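User: Hey, I've just opened this one and I'm new to it. Can you walk me through it?

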Amino acid sequence: MPRHKEKTGRRVAFFGFRSGNQAISHVMLNLMNAMVDQGVSVDLLLNKTDIPELSRVRPEIRIVELGHGSVWYRVRALARYLEEDEPQVLYTNHKERANREAIFAKKMTGSGVHLVFRIGTTLSKALERRNAPKRFLMRTSVNYCYRRADTIIANARGVAADVSAITGIPLEEIHVVNNSTVTPTLYERALEPLDHPWLQGDGVPVVVGVGRMTRQKDFPTLFRAFARIRATRSCRLLILGEGKERGRLEQLARELGIEADLDMPGFVANPFAYMSRASLFVLSSAWEGSPNVLIEALALGIPAVATDCHSGPRDILQGGKYGPLVPVGDVDALTEAMLAGMTRPHPAEFLKRAAEPFHADRCAGEYLAAAGSAVAEEIF
């Protein structure tokens with residue numbers, strides 16, 4: 001049921017989430033919750049409410065169920081909301097469908113709502129994975145939507161440059177605001193009990209990788225680098241995540257002879273408990289937007305190594321200040337960087353400084369500021 005509407009002029013809304021498990025990323029949940037802490041009334045607009053993550057939504061946030069149906073049903077439902085509730089700002093969650101529906105609803109009503117379209121991934125990579133007709137349709141949709149946004153927010157400089165290259169929108173007109181990754185909850189969950197036998201402090205270094213088992217994460221390069229290190233010293237490798245590449249990775253592990261020191265438990269509800277007890281975190285991705293797991297590892301004070309992929313890691317590690325950056329797919333370089341991370345780690349308190357720009361309260365303020373005069377008089 002919708003939560004009670006608070007009578008206030010300080011109102012923003014979030015739109016564009018699918019139904020089901022993991023429908024709302026923890027980054028977006030953190031952002032909404034942090035805005036509440038800053039005195040803003042927040043509406044979460046959903047077509048369906050079968051979303052487990054709603055248990056983490058602050059009670060002050062009003063859940064508005066728009067209902068589900070055809071495109072025009074959804075547009076009309078959103079239009080009714082804009083007319084009746086009059087939010088100053090509508091944030092969408094980097095879904096082209098949601099962006100189109102927001103544009104149509106605004107036009108239908110003549111609403112003055114300020115449309116903020118968030119993009120958190122590298123669009124050019126998404127285009128590469130489609131055939132020619134689908135690439136054309138997606139590029140057309142992207143251009144149509146982003147040229148009609150009042151504000152565009154990208155979560156990394158590389159993502160902003162990518163959007164600019166695809167749409168022709170000047171780079172200086174795209175706001176870059178970090179992901180709202182770090183909250184007190186992250187540290188609380190990191191302290192939760194964990195019974196994994198490798199993480200009980202027996203002195204054997206444990207390397208952790210986190211992510212879907214897909215081509216993007218390039219775990220094969222990590223496996224090969226780990227195999228070289230393991231040939232010279234005792235160590236273990238944990239991969240947290242699931243995906244279609246599991247069979248290929250299991251076969252590669254057998255070929256490399258690392259099965260005894262490799263564990264792939266699949267998706268885990270609390271990766272932070274594992275990460276906080278690890279010796280080293282490795283991001284081996286071929287591409288990213290702004291990888292939250294790298295930020296989370298640093299926030300927990302865990303030494304990290306990352307590929308210098310497009311985009312995100314270079315910004316997060318500040319050009320290598322907070323951890324080595326290595327070329328994508330370079331086993332030699334990754335091996336050397338991992339050894340350095342295990343033998344000469346940076347102090348935890350030093351590493352935690354790298355995560356400060358990603359604290360949710362700071363990012364929430366920057367999201368509100370990006371909307372400019374649409375909310376300035378009410379919020380600031």
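User: How many bridges join strand β4 to β5, and do they run parallel or antiparallel?
Analyst: Five bridges join β4 (residues 89-93) to β5, and the two strands run parallel. Strands here are DSSP runs of E with at least two residues, helices are runs of H or I with at least four, both numbered from the N terminus, and two strands pair if DSSP finds at least two bridges between them. Keep in mind that this is a predicted model, where local features need pLDDT of at least 70, side-chain atom pairs count only at pLDDT 80 or more, and totals for chains, interfaces and linings use all residues. Residues are numbered from 1 along each chain as its sequence is written, and side-chain values use heavy atoms, with hydrogens and water left out.

User: Which helix does the chain cross through from β4 to β5?
Analyst: Helix α3 (residues 96-109), and this β-α-β crossover is right-handed. Right-handed means that, with the strands pointing away from the viewer, the path from the first strand over the helix to the second runs clockwise.

User: And which residue stands opposite valine 116 in β6?
Analyst: Threonine 151. β5 and β6 (residues 151-154) pair in the parallel sense over four bridges.

User: Is β5 buried or exposed?
Analyst: Buried: six of the six residues of β5 (residues 114-119) are, so the strand is largely enclosed by the rest of the structure. Buried means under 20% relative accessible area, exposed over 50%, and partly exposed in between, using a 1.4 Å probe and protein chains only. His114, Val116 and Arg118 point one way from β5, while Leu115, Phe117 and Ile119 point the other way.

User: Which helix is largely enclosed too?
Analyst: Helix α11 (residues 292-299), because eight of its eight residues are buried. Among them are Asn292 and Glu296. After α11 comes glycine 301, with a positive phi near 80 degrees.

User: Switching to aromatics: how many pairs turn up in the whole structure?
Analyst: Six. Rings of Phe, Tyr and Trp (its six-membered ring) pair if their centres lie within 6.5 Å; planes under 30 degrees apart count as stacked, over 60 as edge-to-face and the rest as tilted. One of the pairs is phenylalanine 14 with tyrosine 91, stacked at 5.0 Å centre to centre with 20 degrees between the planes.

User: What does that pair tie together?
Analyst: Phenylalanine 14 sits in strand β1 (residues 11-15) and tyrosine 91 in β4, so the pair ties together parts that are 77 residues apart in sequence. Both residues are buried. Phe14 and Tyr91 also form one aromatic cluster with Tyr367.

User: What about phenylalanine 117 and tyrosine 146, how do their rings sit?
Analyst: Their centres are 6.2 Å apart and their planes are at 85 degrees, so the pair is edge-to-face. Phenylalanine 117 is in β5 and tyrosine 146 in helix α5 (residues 132-146), so parts 29 residues apart in sequence are tied together. Phenylalanine 117 is buried, at a relative accessible area of 0%, and tyrosine 146 is buried at 2%.

User: Last one: which residues are joined by a cis peptide bond?
Analyst: Histidine 310 and serine 311, with omega about 0 degrees. Serine 311 is in the loop between β12 (304-307) and α12 (313-316). Most residues other than glycine have a negative phi, and most peptide bonds are trans.
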